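Hi everyone, thanks for coming.

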Amino acid sequence: SFTVTHDLGTRYLIQIVDTKSTSDTYLQEVYPKVVRTSATAVTISFNTAPANGHTYQVYMTKINPRQI
């Protein structure tokens, strides 16, 4: 697992994790376990450890939850 720190100041986030590649044609979204550990960090883990040489990038944005 690894921790990603951010300055969004909230646990209400949407995050996308994908493979990092030098060519956009090779980007693939992956679905790791994400735990919002604080208002400034998330911990990302995989059921199976990523293979050596694999790099991932994380995109995050905060959201405004609405009760319905």
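Let's start with the sheet: 3 strands form an open sheet, and going across it the order is β1-β5-β4, with antiparallel pairing. When I say strands, I mean DSSP runs of E with at least two residues, numbered from the N terminus, and two strands pair if DSSP finds at least two bridges between them. β1 (2-5) and β4 (33-38) are at the edges with a single partner strand each, so one side of each has no neighbour in the sheet. From one strand to the next, the twist averages 25°; that uses axes, lines fitted to C-alpha atoms, and angles between N-to-C directions that run from 0 to 180 degrees.

Before I go on, a word on the source. This is a predicted model, where local features need pLDDT of at least 70 and side-chain atom pairs count only at pLDDT 80 or more, while totals for chains, interfaces and linings use all residues. Residues are numbered from 1 along each chain as its sequence is written, and side-chain values use heavy atoms, with hydrogens and water left out.

Back to the strands. β4 and β5 (residues 41-45) pair in the antiparallel sense over 4 bridges, and a hairpin of 2 residues joins β4 to β5. Which residue in β5 is the bridge partner of K33? That would be S45.

Now the inside. The largest nonpolar core has 6 residues: V4, L13, V17, V30, V42 and I44. A nonpolar core here is a set of buried Ala, Val, Leu, Ile, Met, Phe, Trp, Tyr and Cys residues joined through side-chain atoms within 4.5 Å. Buried means under 20% relative accessible area, exposed over 50%, and partly exposed in between, with a 1.4 Å probe and protein chains only. β2 (13-19) and β5 are the elements that give two or more residues to this core.

Next, find H6, in the loop between β1 and β2. Is H6 buried or exposed? H6 has a relative accessible area of 12%, so it counts as buried. Leaving out residues up to four places away in sequence, H6 touches L13, A39, T40, A41, V42 and M60; contact means heavy atoms within 4.5 Å.

Finally, the whole chain. It comes to 0 helices and 6 strands. Of its 68 residues, 19% count as buried, and its C-alpha trace spans about 40 × 25 × 25 Å along the principal axes.
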